[in-house]
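Me: Before I take any of these labels at face value, I would like to see each one set against its definition. Could you go through them with me, one at a time?

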Amino acid sequence: MRRSYRPFCLVPLVLVGLNGACQGLDARRADSLLAVWRHSGRPDTARLEALYALAHRGYLFTAPDSAALLAEQGIAFARASGLLKHMAHGMNLVAVSHGIRGDPATALGKFMQTAEWFEASQEKRLHALALGNVGRAHNDLGQKTQAMEALMRSLRIVEELGDSALVASTLSSIGNIYSDIGDERRALDHYEQALAIATAIEDAENMPTYLISMASSLFILGDTLRASVIYERSIILCDSLGNGPLLATAISSLAELQESRSELAAAEASYQRSFALAEELGMDDIMATSLMGLGSIARAKDDMPRALACFERALALAQGTGNVRNIQIASELLYKVSKAQGRAEDALRMHEIHLAMKDSTTSEENRRGVMGQRFQYEYEKKEALLQAEQEKKDALAAEELRRRNVQRNAFIGGFGLMVLLAVTFLFQRNRISKARKRSDELLLNILPGKVAEELKAKGEAEAVLLDQVTVLFTDFKGFTAMSEKVTPTQLVQDLNECFSEFDRITEKHGIEKIKTIGDAYMAAGGLPTPNTTHATDVIKAALEMRDFIAEGKARRIAVGLPYFEIRIGIHTGPVVAGIVGVKKFQYDIWGDTVNTASRMESSGEVGQVNISEATYRLVNGEERIVNGNAPATTYSPFTNSHTPTPVHHSPAFVFTPRGKVQAKGKGEMEMYFVAYA
């Protein structure tokens with residue numbers, strides 16, 4: 001996929017804490033605000049608010065340098081008057097003006113100063129809003145770890161304040177970062193949480209933002225039908241709200257989806273509509289994405305001069321705004337056109353720009369940093385919960401001590417009463433013991449034994465990086481169609497029957513169930529304790545799952561009932577594993593390996609187990625484990641030293657090479673179907 005543009009959340013982050021939208025000012029109103037500012041007899045706070053309103057509504061979006069000059073006058077006045085909060089308001093205006101002028105690095109420094117001053121003035125909500133701006137500025141510069149750190153700090157504050165609207169907007173911004181590092185499923189989860197909150201509080205203004213982001217994630221994950229419906233819904237909502245910027249964003253995103261379906265005429269019309277609206281509003285980022293779309297369509301029509309012109313203008317716009325993602329995409333497109341036209345020097349220059357931008361957004365350091373910030377946030381929440389529980393236990397213990405003292409004194413008065421108290425104590429201890437045993441059983445049902453023991457012993461379980469894990473994804477074909485033919489009760493019963501059998505199979509083969517996502521099932525081998533047979537264990541489990549579904553299909557066809565069909569995908573690689581949540585713990589895994597395993601499933605075929613090249617290579621190096629003492633090299637598919645032609649099977653399995661298959665978001669990848677020998 002070429003791009004997936006997501007809007008930032010439209011919360012009042014331009015001039016935090018002041019009233020009034022950026023709608024422009026007529027001359028009379030501007031003169032009135034200026035008069036208040038110059039009136040030395042008015043309160044200092046009133047004068048500053050008038051000055052900032054003039055800068056914000058009169059100049060910020062038309063003459064941002066003039067707005068910054070006015071704001072700097074206000075900062076100097078507020079500093080002399082000791083008004084720290086108003087200093088922060090002015091600095092925020094200065095920061096936004098730099099962002100509008102395409103200077104995100106300077107804007108970041110100003111936003112950080114804004115956050116520091118709001119924190120010092122003990123304005124929690126304003127501090128959270130400023131941290132949100134810091135996170136968004138870091139993200140614009142491709143600094144994902146720092147962006148996640150700032151947004152997590154903001155999320156802690158707004159959750160503490162109970163500000164649902166800001167919780168939703170911050171969750172959406174965090175989702176953007178997960179999307180940027182390739183964890184699209186987790187991004188989608190954050191967007192869905194944000195939309196659920198906005199729906200609950202009837203926040204119609206921000207719902208289009210979350211809808212567009214959700215649709216983009218669904219598009220990347222391959223669910224184009226749902227994505228198209230949600231894009232159309234967001235366009236209608238934006239139009240009804242009169243929200244031009246989001247309308248341009250939604251139309252541009254829909255155009256990309258149409259282009260992916262080869263609906264070139266519809267896509268071109270949508271891109272042109274989006275570009276015209278963005279140009280009218282001065283939205284350089286959307287203009288750039290629309291131009292890249294128009295250029296790609298021109299390239300598909302072999303109109304290279306027009307494609308080149310579109311891509312060059314898109315790159316210039318992207319470089320003007322400092323948008324790392326757009327620079328990366330536009331330079332890659334220019335590289336391909338230049339290379340096709342034989343302009344080697346231009347192609348090399350574009351390739352170097354593309355690599356520089358790609359490194360800044362997809363480096364392993366960024367990925368691990370973002371995960372680290374998320375784990376830290378979850379563990380801090382859990383630690384706070386445990387601390388509260390400990391305080392409750394201490395209070396109960398103090399009360400218990402007081403009660404025992406009363407019992408001791410009562411014992412002096414009568415032996416019979418003491419016997420009764422002793423019986424009561426034994427009864428209570430037995431109840432506590434049973435409750436503790438039940439609690440341990442429930443914990444082991446949720447978490448792997450090793451992780452559960454660590455959690456009980458230390459109060460937390462550290463996230464770990466596992467170098468080699470085999471991940472399995474399953475998905476039912478025709479699930480939506482089947483859900484329309486049976487009752488909800490029957491559908492859930494059928495799903496439960498399948499997933500219960502999958503649970504039995506994973507336990508049998510020593511692999512760990514991770515979670516279910518709708519009608520998808522996810523498991524992994526080689527964790528939490530690494531082993532050397534995880535790849536073969538997972539393949540055996542996958543084949544058994546496939547056979548179980550096939551048998552069920554045959555039975556249902558025989559009696560004329562709807563049936564499930566299954567696709568299964570497997571990939572091997574490194575993952576980060578840990579637990580998240582504070583009320584309902586969940587053991588989960590993250591990383592590109594998970595995304596690639598999902599692509600193996602979606603790129604597979606019904607009734608087949610589709611594996612990646614990494615899993616294929618590993619299994620063919622595990623013959624000693626699978627087949628006793630046979631030398632691994634005897635059956636290697638990568639040498640013909642023992643056989644005249646490469647062997648595409650081991651004694652345990654038969655592999656059917658598929659060649660390079662296109663996988664969404666991954667490009668062409670080597671894949672194999674696997675079956676028992």
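**Labels and their cut-offs**

Reply: Arg504 counts as partly exposed because its relative accessibility is 39%, where buried means under 20% relative accessible area, exposed means over 50%, and partly exposed lies in between, with a 1.4 Å probe and protein chains only. This is a predicted model, in which local features need pLDDT of at least 70 and side-chain atom pairs count only at pLDDT 80 or more, whereas totals for chains, interfaces and linings use all residues. Residues are numbered from 1 along each chain as its sequence is written, and side-chain values use heavy atoms, with hydrogens and water left out.

Me: What makes the contact of Glu544 with Arg504 a salt bridge?

Reply: The closest N and O atoms of Glu544 and Arg504 are 3.1 Å apart, and a salt bridge is a side-chain nitrogen of Lys or Arg within 4 Å of a carboxyl oxygen of Asp or Glu, so the pair qualifies. Glu544 lies in helix α23 and Arg504 in helix α22, so the pair ties together parts that are 40 residues apart in sequence; helices here are DSSP runs of H or I with at least four residues, strands are runs of E with at least two, and both are numbered from the N terminus.

Me: Why is Glu544 called buried?

Reply: Glu544 has a relative accessibility of 18%, and therefore counts as buried.

Me: What ties Asp494 to Arg556, and how are the two residues classed?

Reply: Asp494 forms a salt bridge with Arg556, the closest N and O atoms being 2.9 Å apart. Because Asp494 sits in helix α22 (residues 488–508) and Arg556 in helix α23 (residues 534–558), the bridge ties together parts that are 62 residues apart in sequence. Asp494 is classed as buried because its relative accessibility is 3%, and Arg556 is also buried, with a relative accessible area of 19%.

Me: What makes Lys513 and Asp503 a salt bridge, and which elements does the pair tie together?

Reply: The side chains of Lys513 and Asp503 meet at 3.4 Å, N to O, in a salt bridge. Lys513 belongs to strand β2 (residues 512–517) and Asp503 to helix α22, so the pair ties together parts that are 10 residues apart in sequence. Lys513 is partly exposed, with a relative accessible area of 33%, and Asp503, at 29% relative accessibility, counts as partly exposed as well. The structure holds 24 salt bridges, and those that share partners join Asp183, Arg186, Lys515 and Asp588 into one network.

Me: How do you know that β2 and strand β3 pair?

Reply: Two strands pair if DSSP finds at least two bridges between them, and β2 and strand β3 (residues 520–525) have five, in the antiparallel sense, so they qualify. Lys515 has Met522 as its bridge partner in β3. The hairpin of β2 and β3 has two residues between the strands, and in this hairpin Gly518 takes a positive phi near 65°.

Me: What makes a group of residues a nonpolar core, and how many residues has the largest one?

Reply: A nonpolar core is a set of buried Ala, Val, Leu, Ile, Met, Phe, Trp, Tyr and Cys residues joined through side-chain atoms within 4.5 Å. The largest has 113 residues, and those with the most contacts inside it are Phe111, Leu155, Ile174 and Tyr231. Helix α15 (residues 304–321) gives the most to this core, with nine residues. Apart from it lies another core, of 37 residues, among them Phe502, Ile505, Tyr521 and Met545.

Me: Why is Tyr59 called partly exposed, and what does Tyr59 touch?

Reply: Tyr59, which is found in helix α2 (residues 44–59), counts as partly exposed because its relative accessibility is 33%. With contact meaning heavy atoms within 4.5 Å, and leaving aside neighbours within four places in sequence, the residues that Tyr59 touches include Pro64, Ser66, Ala67 and Leu70.

Me: How far can the coordinates be trusted, and where is confidence lowest?

Reply: The pLDDT, the predictor's confidence in each residue from 0 to 100, averages 80 for the protein, and 77% of the residues score at least 70. Confidence is lowest in helix α26 (residues 623–627), at a mean of 39, and highest in strand β6 (residues 609–612), at 95. Over residues 374–386 the pLDDT is below 50, and over residues 622–649 it stays under 50. Where pLDDT is low, the predicted coordinates should not be read in detail.
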